[in-house]
Amino acid sequence: MTMKTVGLHNSDREISAVILGTWAIGGSHWGPYDERNAIRAIETALDSGINAIDTAPVYGDGHAEELIGKVIRGKRDSVFLATKCGLDIYDRSYRRDLSPAYIEKDLHGSLKRLGTDCIDLYQCHWPDPQVPVEETMAALTRFRDEGKIRHIGVSNFSGPELLATLKCATLFSLQPHYSLLERSAEEDLLPICIEKNMNVFPYGSLGAGMLTGKYRECPQFKKGDARSFFYRFFKTKYWPKVRRLVEEVEAIAGRTGTTSGAVALSWLLKQPGVTSVIVGARSAEQVTGNIADVPVDVSEDDMRALDTSSRQIYEC
């Protein structure tokens, strides 16, 4: 398998069209956990041509970063490494904190766990309305000037928050929640990123597994599972329209001889402004099953059909 690579805006570096997402690899919020499978997922991603990994301290309270650090030891220069800051894992309150003092503490913790002296992309995980964005960006710019990070990005920012941040600093990227099941980023975020020549790395690109076709009935998850509180389309009221969309994705996969996940990711990669897509996995099988055929040549008729069915869910 040859993984497609894409060029990055404002960089001479290329990364894979698929970025490995590691929330589930951290071992929390995703049901039963097997660390050996998590390690194999990272190893398989690298062996499959994925050369970019996205993580965060909050993924297992640093555990995901520790596992990544072990796997990439001796391979660091070939991996584009992205992590985040601003959720307090140290007292397990997970409160937002983008103060310069906390960012410095968070950054040094990530550098140690990842076993590196520089992070390629350092992102504010969530906006923090209690800290002036000017202070946050000044701290991140200082860390970039010191060589501890290469690029500054943000995740989960609204359009107005993104515009306010851009008045203080040049941003390399935005990481929004975006997929066939969640399209709010199209309203104002993507136009801003296109205008400002920013990279866009969507997460949730497979709808927490929904778009792979793994669920034949509306699933129920235990309290604390991310799929029970983070992804609205797992709610019963959305299920009929979600299921129709998934059946359409499955039909296209059948006609093109590929997987549903590959079709969903290929749709997303064709959207204006999207650079590369983040795909979570916690086993080698999930890695190979979802990215083996990406990108798929989805016809314009099929793209329009997916767009129509998708909007019916988004507009619920």
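Colleague: Where is Ser-205 found?

Modeller: Ser-205 is in the loop between strand E9 (199-200) and helix H7 (226-229). Helices (H or I, at least four residues) and strands (E, at least two) are DSSP runs, numbered from the N terminus. This is a predicted model: local features need pLDDT of at least 70, side-chain atom pairs count only at pLDDT 80 or more, and totals for chains, interfaces and linings use all residues. Residues are numbered from 1 along each chain as its sequence is written, and side-chain values use heavy atoms, with hydrogens and water left out.

Colleague: Is Ser-205 buried or exposed?

Modeller: Ser-205 counts as buried because its relative accessibility is 2%. Buried means under 20% relative accessible area, exposed over 50%, and partly exposed in between (1.4 Å probe, protein chains only).

Colleague: What does the side chain of Ser-205 reach?

Modeller: The backbone oxygen of Ile-278, at 2.5 Å. Ser-205 also touches residues beyond four places away in sequence, among them Tyr-178, Leu-265 and Leu-268. Contact means heavy atoms within 4.5 Å.

Colleague: Switching to H9. How many residues of H9 are buried?

Modeller: Ten of the ten, so H9 is largely enclosed by the rest of the structure. The buried residues of H9 include Gly-261, Trp-267 and Leu-269.

Colleague: What about Ser-266?

Modeller: Ser-266 is in helix H9 (residues 260-269). Ser-266 has 1% relative accessibility and counts as buried. A polar atom of the Ser-266 side chain lies 2.7 Å from the backbone oxygen of Ala-262. Further along the sequence, Ser-266 touches Pro-295, Val-296 and Val-298.

Colleague: Which peptide bond is cis?

Modeller: The one from Val-294 to Pro-295, with omega near -5°. Pro-295 is in the loop between H10 and helix H11 (300-314).

Colleague: At what angle do the axes of H8 and H9 cross?

Modeller: Roughly 105°, and the axes of H9 and helix H8 (residues 239-256) come within 8 Å. Axes are lines fitted to C-alpha atoms, for helices over the stretch in contact, and angles run from 0 to 180 degrees between N-to-C directions. H8 and H9 are therefore roughly perpendicular to each other. Angles under 35 degrees count as roughly parallel, over 145 as roughly antiparallel, 65 to 115 as roughly perpendicular and the rest as oblique.

Colleague: Which residues of H9 make the contact?

Modeller: Ser-260, Val-263 and Ala-264, meeting residues of H8 that include Val-249 and Ile-252.

Colleague: Now H10. Where does Glu-285 lie?

Modeller: In helix H10 (residues 284-291). Glu-285 is partly exposed, with a relative accessible area of 49%. Glu-285 and Ala-41 are 244 residues apart in sequence, but 7.7 Å apart in space, C-alpha to C-alpha. Helix H1 (residues 35-47) and H10 pack at about 35°, with their axes 7 Å apart.

Colleague: Last one. Which residues have the most contacts inside the largest nonpolar core?

Modeller: Leu-20, Ile-53 and Leu-162, in a core of 106 residues. A nonpolar core is a set of buried Ala, Val, Leu, Ile, Met, Phe, Trp, Tyr and Cys residues joined through side-chain atoms within 4.5 Å. The contacts of Ile-53 include Leu-20, Ile-68 and Phe-80.

Note on methods. Polar contact = N/O pair within 3.5 Å; in protein donor to acceptor, adjacent residues only side chain to side chain.
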